[in-house]
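This report describes one protein chain in plain terms.

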Amino acid sequence: MRRILSILLENEPGALSRIVGLFSQRAYNIDSLTVGTTDDQSLSRITITTMGDDRIVEQITKQVNKLVDVLKIIDLTEMSHIERELLLVKVFAQDETTRAAVTRVVDVFQGAILDMGRQSYSLQLVSSTDKIESFLDTLRHETDIIEVVRSGAVGIGRGDKALKA
């Protein structure tokens, strides 16, 4: 099962490598990882997506909590949450038919055309991981994909609960 873990930790050199090292030492795979400072510059928030059953995620959570720099960790998949990912994709758009088809797909998915080259379009979509996968599948039916860049998931709990120190 896909899990989204959100970790609040001190913004110190080596903190991220200790988290990644913990996953590596225990042979847990990280599907995506995003990191950024919070409104408090002394704290960072890491969002990790990984695969695992409840037992594995519980082990990960306990091990991460033992790290000195970590203030708090939550499994967002266990609660109502909002998840977003940024996708940048470059596609072939060499003729009018292909350009029109790509433009329709972008409009349907509420994406944006960021750049138009002579033979390519650069597109953007900010959405859930599932919707991004669907967008890419639809694009593959209309044209060839040249390049894909994905940010990885970020998430936040719904309602009044917050991941704070």
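In the protein chain, 73% of the contacts between residues at least 6 apart in sequence join residues at least 24 apart. Contact here means heavy atoms within 4.5 Å. The model is predicted, so local features need pLDDT of at least 70 and side-chain atom pairs count only at pLDDT 80 or more, while totals for chains, interfaces and linings use all residues. Residues are numbered from 1 along each chain as its sequence is written, and side-chain values use heavy atoms, with hydrogens and water left out.

**The whole chain**

The protein chain has four helices and nine strands. Helices (H or I, at least four residues) and strands (E, at least two) are DSSP runs, numbered from the N terminus. Their order along the sequence is β-α-β-β-α-β-β-α-β-β-α-β-β. The C-alpha trace spans about 55 × 35 × 30 Å along its principal axes.

The chain has 165 residues, and 38% of them count as buried. Buried means under 20% relative accessible area, exposed means over 50%, and partly exposed lies in between (1.4 Å probe, protein chains only). The accessible surface of the chain is about 9500 Å², with 49% of that area on carbon and sulfur atoms. Such areas come from the Shrake-Rupley method with a 1.4 Å probe; for residues, only the protein chains shown count as cover.

As for charge, there are 20 positive and 24 negative side chains, and the centres of the two sets lie 3 Å apart. Lys and Arg count as positive and Asp and Glu as negative, whereas His and the chain ends are not counted. Each charge is placed at NZ of Lys, CZ of Arg, CG of Asp or CD of Glu.

**Two domains**

The domain assignment gives domain 1 (2-79) and domain 2 (82-156); bounds of this kind come from an automatic or database domain assignment. The C-alpha centres of domain 1 and domain 2 are 29 Å apart. Nine residues from domain 1 and eight residues from domain 2 take part in the contact. Between them the domains bury about 570 Å², 55% of it on carbon and sulfur atoms. Buried area is the accessible area (1.4 Å probe) that two parts lose on being put together, summed over both.

**Two loop residues with positive phi**

A27 has a phi near 60°, a positive value in a residue other than glycine. A27 sits in the loop between helix 1 (15-25) and strand 2 (30-37). With a relative accessible area of 71%, A27 is exposed.

Q110 is not a glycine either, and its phi is positive at about 60°. The loop that holds Q110 runs between helix 3 (96-108) and strand 6 (112-116). Q110 counts as exposed, at 66% relative accessibility.

**Other residues**

D54 belongs to helix 2 (residues 54-65) and counts as exposed at 53% relative accessibility. Is A93 buried or exposed? A93 is buried, because its relative accessible area is 0%. A93 lies in the loop between strand 5 (81-92) and helix 3. Apart from neighbours within four places in sequence, A93 is in contact with T98, R99, R118, Q119, S120 and Y121.

A100 is part of helix 3 and is partly exposed, with a relative accessible area of 34%. R158 is in the segment after strand 9 (154-157). R158 is also partly exposed, at a relative accessible area of 49%. Not counting residues up to four places away in sequence, R158 touches S80, H81 and I82.

| Pair | Apart in sequence | C-alpha to C-alpha |
|---|---|---|
| D54 and I82 | 28 residues | 21 Å |
| A93 and I145 | 52 residues | 9.7 Å |
| A100 and E142 | 42 residues | 9.8 Å |
| R158 and L76 | 82 residues | 9.7 Å |
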